[in-house]
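Trainee: I would like to learn how to read the sheet, the helices and a few residues of a model.
Mentor: Here it is.

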Amino acid sequence: MKIITAMVQPFMWNKIAYALEDLENFPGMTVTDARGFGRKQSPGEQRAAQYDPFHPKSRIEIVAPDEMTESIVSTLVEHARTGKDGDGKVFVWTVESAVRVQTGETDDSAV
């Protein structure tokens, strides 16, 4: 199993969600509001006392079987891209275990 986390522009998550729902056996996702910034700052940006470097983002989290990871990541990237700074990032790492609270199922059957 993998956990896929995407930080995307907030106005893009709805478009991404519709695209992901079209994937066969898509396991579902969680979306939360987040704020952050990357290494690139706007040129000439003044660092005044009220300056806030954080920009709104949507954090999408998906736990999926290994075999779905590539299609989920490519769908995320395709539908999150605007071609402008701040489009976001996608991270993938291994999940050691999972438990479905309602039933007690574990690992792949919990997803």
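Predicted model: local features only at pLDDT ≥ 70, side-chain atom pairs only at ≥ 80, totals over all residues.

Trainee: In what order do the four strands form the open sheet?
Mentor: Strands are DSSP E runs of at least two residues and helices H or I runs of at least four, numbered from the N terminus; two strands pair if DSSP finds at least two bridges between them. Here the order is β2-β3-β1-β4, with antiparallel pairing. β2 (30-36) and β4 (88-94) each have a single partner strand, so one side of each lacks a neighbour in the sheet.

Trainee: How many bridges link β1 and β4?
Mentor: Seven, in the antiparallel sense. Ala 6 stands opposite Val 90 in β4.

Trainee: Which strands does α2 lie across?
Mentor: Contact means heavy atoms within 4.5 Å. Helix α2 lies across β1, β3 and β4.

Trainee: Is Thr 69 buried or exposed?
Mentor: Buried means under 20% relative accessible area, exposed over 50%, and partly exposed in between (1.4 Å probe, protein chains only). Thr 69, in helix α2, counts as buried because its relative accessibility is 11%. Val 63, in strand β3, is partly exposed at 30%.

Notes: Residues numbered from 1 in each chain as written. Heavy atoms only, no water. Axes fitted to C-alpha atoms, helices over the stretch in contact; angles between N-to-C directions.
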